[in-house]
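Good morning. I will take a few minutes to go through one model, starting with one chain and ending with where two chains meet. Please have the sequence and the picture ready.

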Amino acid sequence: MDALSHLYLNTAGLLARVDDTLARWGAPETHQVWQLLRRTGALPGDAVAGLSAWSPQPWREQADELRRQAEAAEAAGGRVGDLRGWEGPAASAFQHTADRLRRDVVAWAAELRAQAVHLDSLARCLAAGRSRTARALARVAGSAEAVLLTGAPDAGEAAAGMLSIAVAPGARLPGVALAAATGARLDGAGPVSWALAAADVGAALLHEIDVTLTELDDLLTEGPAPTDEPGLQQSPVVHHPASTTLRVDL
Amino acid sequence: MTDELAARVDALADEMAEQRTALSRATPGQTRLDVPGRMAALARTADTAAGARWSGHVAAAGGFDARLRDLAASVRTAGRNYREADEHGGVA
């Protein structure tokens with residue numbers, strides 16, 4: 001269980017309160033949370049829950065399997081290259097077919113390795129995003145906004161999963177200016193301050209998730225790096241019966 | 001000579017068949033994310049891309065297996081023809 005999984009379990013109540021508050025009271029019209037909601041297509045609590053459930057481990061395991069297969073393919077390609085025929089025209093045809101097979105197997109091994117590297121990149125990106133989101137979650141769980149949301153109506157239900165926190169009176173999340181801009185006070189309980197608090201908490205979380213999703217999107221669009229090995233790139237693996245190319249000319 | 005060569009090619013085909021089986025057994029499953037929006041869409045995209053590439057690798061291993069089997073069969077045919085030619089003292 002990594003930091004995000006652990007923190008998610010301990011902040012489920014806060015996240016539910018953030019989602020409920022945004023759904024019930026909305027957010028100031030110009031708040032950045034709107035753009036982030038549009039970009040991610042999910043409420044902060046749902047998005048954190050989704051990211052918490054999205055493990056990079058399957059990608060790592062797939063990459064390990066592909067590397068094992070690449071190693072086996074490289075060894076097989078080497079043995080194909082060691083095959084030597086006999087003297088005569090039929091032997092020459094055999095050698096030509098064997099050489100082509102060796103090139104194709106080696107090229108395939110390179111593709112396996114390239115995909116393994118790509119899966120490693122995806123796993124690293126997702127793991128880094130989970131770490132960043134965990135840090136953001138830890139920050140918001142200890143923020144004045146979290147305290148304010150705890151005190152909002154129906155707090156009894158939602159507070160069950162909250163972290164126990166202590167913050168200075170009037171403290172705000174770093175970088176959050178909207179509460180001050182609108183004249184709302186975090187220590188003044190009411191729909192406006194609840195909405196602002198939920199929007200600030202939501203924006204802090206969705207920002208990290210949006211960055212992660214954008215990086216993953218870029219990696220997926222990019223795909224595995226093309227391989228330089230000749231063979232599969234130029235001649236896709238197609239099964240040509242060797243009997244048509246290996247003429248037995250006696 | 002040709003019999004031994006055909007046996008070596010068959011052994012390589014067996015290795016490719018084993019790779020095909022191993023890859024097929026390790027085919028990636030679907031990511032299950034109970035979340036709306038872009039994250040679920042990305043997970044689906046990743047699953048689709050990985051699944052397609054994985055299927056390609058399974059097919060590639062199967063293709064190499066088949067090509068090696070054909071090569072082994074051709075080598076055996078060549079050996080048989082050489083022997084027949086030797087037995088009959090000339091081109092059949």
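In what order do the elements of chain A run from the N terminus on? They run α-α-α-α-α-α-α-α-α. In total, the secondary structure of chain A has nine helices and zero strands. Before I go on, note that this is a predicted model.

Some overall values for chain A. It has 250 residues, and 46% of them count as buried. If we take the contacts in chain A between residues at least 6 apart in sequence, 85% of them join residues at least 24 apart.

Now to pairs of helices in chain A. Helix α1 of chain A covers residues 3-25, and its axis comes within 9 Å of the axis of α5(A), crossing at roughly 35°. The crossing in which α1(A) passes α5(A) is left-handed. On the α1(A) side, the residues that meet α5(A) are Ala3(A), Leu4(A), Leu7(A), Thr11(A) and Leu14(A). Their partners in α5(A) include Arg130(A), Ala134(A) and Leu137(A). By class, the residues of this contact between α1(A) and α5(A) are eight nonpolar, three polar and one charged.

The next pair is α5(A) with helix α9 of chain A, residues 191-222. Their axes come within 9 Å and cross at roughly 175°. An angle over 145 degrees counts as roughly antiparallel, so α5(A) is roughly antiparallel to α9(A). Among the residues that make this contact are Leu122(A), Cys125(A) and Leu137(A) of α5(A), and Leu205(A), Glu208(A) and Leu216(A) of α9(A). The contact of α5(A) with α9(A) divides into 12 nonpolar, four polar and four charged residues.

Let me stop at a single residue. Is Ala49(A) buried or exposed? Ala49(A) has 21 other C-beta atoms within 10 Å, and a residue is buried if that count is 20 or more, so Ala49(A) is buried. Ala49(A) sits in helix α3 of chain A, residues 44-53. Leaving out residues up to four places away in sequence, Ala49(A) touches Tyr8(A) and Val35(B). From Ala49(A) to Leu9(A) is 40 residues in sequence, while their C-alpha atoms are 9.3 Å apart in space.

Val35(B), one of those partners of Ala49(A), takes us to chain B. Helix α1 of chain B, residues 2-25, and helix α2 of chain B, residues 38-88, have axes that come within 8 Å and cross at roughly 165°. Therefore α1(B) is roughly antiparallel to α2(B). The crossing of α1(B) past α2(B) is left-handed. The residues of this contact of α1(B) with α2(B) are 17 nonpolar, six polar and six charged.

How many residues does each chain bring to the contact between them? Chain B brings 47 and chain A brings 46. On the side of chain B that touches chain A, α2(B) gives the most, with 27 residues. That side of chain B has 30 nonpolar, 10 polar and seven charged residues.

Last, the core. The largest nonpolar core has 86 residues, and those with the most contacts inside it include Val105(A), Leu205(A), Val9(B) and Leu68(B). Helix α5 of chain A, residues 89-141, supplies the largest share of this core, with 21 residues. Val9(B), leaving out residues up to four places away in sequence, touches Leu83(A), Leu68(B), Leu71(B), Ala72(B) and Val75(B).

That is the end of my part.

Notes:
Residues are numbered from 1 along each chain as its sequence is written. Chains are lettered from A and ligands numbered from 1 in the order in which they are written. This is a predicted model: local features need pLDDT of at least 70, side-chain atom pairs count only at pLDDT 80 or more; totals for chains, interfaces and linings use all residues. Axes are lines fitted to C-alpha atoms, for helices over the stretch in contact, and angles run from 0 to 180 degrees between N-to-C directions. Helices (H or I, at least four residues) and strands (E, at least two) are DSSP runs, numbered from the N terminus. Angles under 35 degrees count as roughly parallel, over 145 as roughly antiparallel, 65 to 115 as roughly perpendicular and the rest as oblique. A crossing is left-handed if the near helix is turned anticlockwise from the far one by less than a right angle, and right-handed if clockwise. Ala, Val, Leu, Ile, Met, Phe, Trp, Tyr, Cys and Pro count as nonpolar, Asp, Glu, Lys and Arg as charged, and the others, Gly among them, as polar. Two residues are in contact if their C-beta atoms, placed from the backbone, lie within 7 Å. A nonpolar core is a set of buried Ala, Val, Leu, Ile, Met, Phe, Trp, Tyr and Cys residues joined through C-beta atoms within 7 Å. A residue is buried if 20 or more other C-beta atoms lie within 10 Å of its own, exposed if 12 or fewer, and partly exposed in between; C-beta atoms are placed from the backbone.
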